[in-house]
Structure formats: structure tokens, C-alpha cells
Amino acid sequence: FALSGDYTVKGEFDLNGEHYECTVKVQVRWPGLRAELCWDTVGSTDVDLHFARLQGKTCSSWGWFDTCSAVDCYYGNCKGTSNLNWGYAASADEACKGWGSRRTGSCNNPRLDQDNITCTTSQSDPLNSNFCAPENANIDNPNPGDMFAIGVHYYNRGTDARPHVNIYCNGERKLAFGYDPTTTPPSMFPVLKNKSNSKGNGDFWSVARVTWLGDTDPEVCRIEPVPSLNPKPTQDG
């Protein structure tokens with residue numbers, strides 16, 4: 001398994017002329033905080049996941065990207081061999097192996113395991129480099145009381161994108177935000193646009209703030225959606 005969640009396994013067999021079957025639920029869990037991003041135009045657009053800390057800043061102001069150095073974990077500083085020193089111990093290398101991770105360096109915390117720039121939607125083999133896996137960012141061992149912000153940025157390639165974000169605490173999906181093709185009309189929220197059809201100048205969605213409460217707390221984490229200051233019904237989070 002490369003993604004946390006609940007999986008259904010069904011077994012069937014025949015014995016002495018009788019047919020038997022059984023179904024069990026397998027709960028796949030991994031400790032810590034995880035955010036996953038997918039979107040409806042994956043493969044034809046480049047949308048990026050951002051995962052920022054809200055403590056330990058090293059400059060006078062907060063901000064996504066490099067506004068405050070080493071605060072935002074994203075494609076520019078947190079994937080491959082990159083390492084942001086947030087004070088968390090690295091995880092065992094086994095945690096960064098498998099199709100859910102494209103890391104080439106150590107299994108740092110925080111880390112962007114997957115930066116999905118281009119992929120082929122018809123590719124069904126998750127071990128193929130063209131498989132459309134979700135972008136995901138992880139911290140395996142946050143400290144109680146630590147707070148984080150999760151955001152989504154439209155980076156490149158023109159076509160509108162409707163993102164969906166899952167947030168997991170200790171491997172259990174706590175909340176899902178954004179576009180759901182099974183329940184949401186295509187014209188509805190959220191829609192991210194490339195404002196000037198140039199790289200890096202598209203919409204940015206501040207999704208949620210997460211407070212890590214710790215393994216001993218029954219709630220484990222607290223997630224607060226970020227309200228819009230100037231509501232736009234078809235675009236806002």
C-alpha cells in the first residue's frame with residue numbers, strides 16, 4: 001500500500017460443490033499528518049500542493065513560497081533530495097518507498113513525496129512514472145501543539161482546474177475539501193484559473209489550518225477550513 005485509507009478485500013472459493021465468499025475491511029494507517037491533492041484536469045495542467053508550518057519562522061513576515069524562508073514545503077524546496085530543517089527526525093527509508101513516493105533522497109520530515117507535473121490518465125500501472133498519482137506532503141512525527149497551513153496553487157498550462165484535498169491524521173482521513181465529481185456540478189466550486197496564462201501566476205486556494213494535538217488526544221488533530229475574505233461562489237474555499 002502507498003496511500004492510507006480503508007480498503008475492501010473480497011475472497012471467494014469453491015469447496016465440495018459449495019461456493020463461499022467473504023469480505024473484510026483492511027485499515028491502512030501511517031502515523032503523522034498527511035495532505036493529498038488531486039484535480040480534474042490532472043495530466044493537462046500543473047497544480048501544486050503547499051504545506052506550511054505556523055511556528056518557528058525565521059523572518060519578519062509569513063507567506064507562501066519563499067516569502068519566509070523554510071516555512072513553506074512545496075516543489076521548490078521539499079521534494080527529491082531537498083530537506084527543510086523543521087526539527088523533526090527523519091523517518092526510515094521504507095516510509096518513502098513504493099509508488100506513492102518519488103523521493104530520491106532521505107525520508108525527511110516534512111517532505112513532498114510526489115510532485116505531479118505531467119502524467120498520462122490512461123496509465124493504470126502505479127509503478128509507471130507516467131501514472132497520475134496524487135500529490136502528497138507528509139510529516140510523520142509532529143509535536144503536540146504544532147500548527148500547519150495547507151494550500152493549493154495553480155501553476156501552469158491554461159485549462160481551469162477543480163482541486164480536491166484530503167487531510168489524514170495518523171492515517172485516518174479526517175476531512176476532504178473541494179471538488180467532488182460524484183456530487184458537485186462541474187460549474188461549481190472550486191475552480192482555479194491561470195490568471196495571465198503564464199507560469200506561477202494562477203489562483204491560490206488557502207485550504208485549511210491544522211493543529212496537531214498528539215497521539216494521546218482522542219481527536220489527534222484539529223482541522224479548520226480557511227474562510228474567504230471576499231467570497232466568490234464558484235472559486236473560493
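Because the model is predicted, local features are taken where pLDDT is at least 70 and side-chain atom pairs count only at pLDDT 80 or more, whereas totals for chains, interfaces and linings use all residues. Residues are numbered from 1 along each chain as its sequence is written, and side-chain values rest on heavy atoms, with hydrogens and water left out.

A disulfide is a covalent bond between the sulfur atoms of two cysteines. Here the term is applied to a pair of cysteine sulfur atoms within 2.5 Å, and a search of the whole structure finds five such disulfides. When the bonded cysteines are counted along the chain, the disulfides follow the pattern 1-2, 3-4, 5-6, 7-8, 9-10.

One of these links joins Cys-73 to Cys-78, with an S to S distance of 2.0 Å. The torsion about the S-S bond of Cys-73 and Cys-78 is about -90 degrees, so this disulfide is left-handed. Cys-73 counts as buried because its relative accessibility is 0% (buried means under 20% relative accessible area, exposed over 50%, and partly exposed in between, using a 1.4 Å probe and protein chains only). Cys-78, at 1% relative accessibility, likewise counts as buried.

Cys-96 and Cys-107 both lie in the loop between strand S5 (72–73) and strand S6 (111–114), so the pair ties together parts that are eleven residues apart in sequence; strands are DSSP runs of E, at least two residues long, numbered from the N terminus. Both Cys-96 and Cys-107 are buried.

Cys-169 and Cys-221 are also joined by a disulfide, with 1.9 Å from S to S, and this link is right-handed, with 95 degrees about the S-S bond. Because Cys-169 lies in strand S9 (residues 163–169) and Cys-221 in strand S12 (residues 221–225), the pair ties together parts that are 52 residues apart in sequence. Cys-169 and Cys-221 are both buried.

Cys-22 counts as partly exposed because its relative accessibility is 47%. Cys-38 is in no disulfide, and the nearest cysteine sulfur, which belongs to Cys-132, is 11 Å away; with a relative accessible area of 36%, Cys-38 is partly exposed.

Technical notes: Helices (H or I, at least four residues) and strands (E, at least two) are DSSP runs, numbered from the N terminus.
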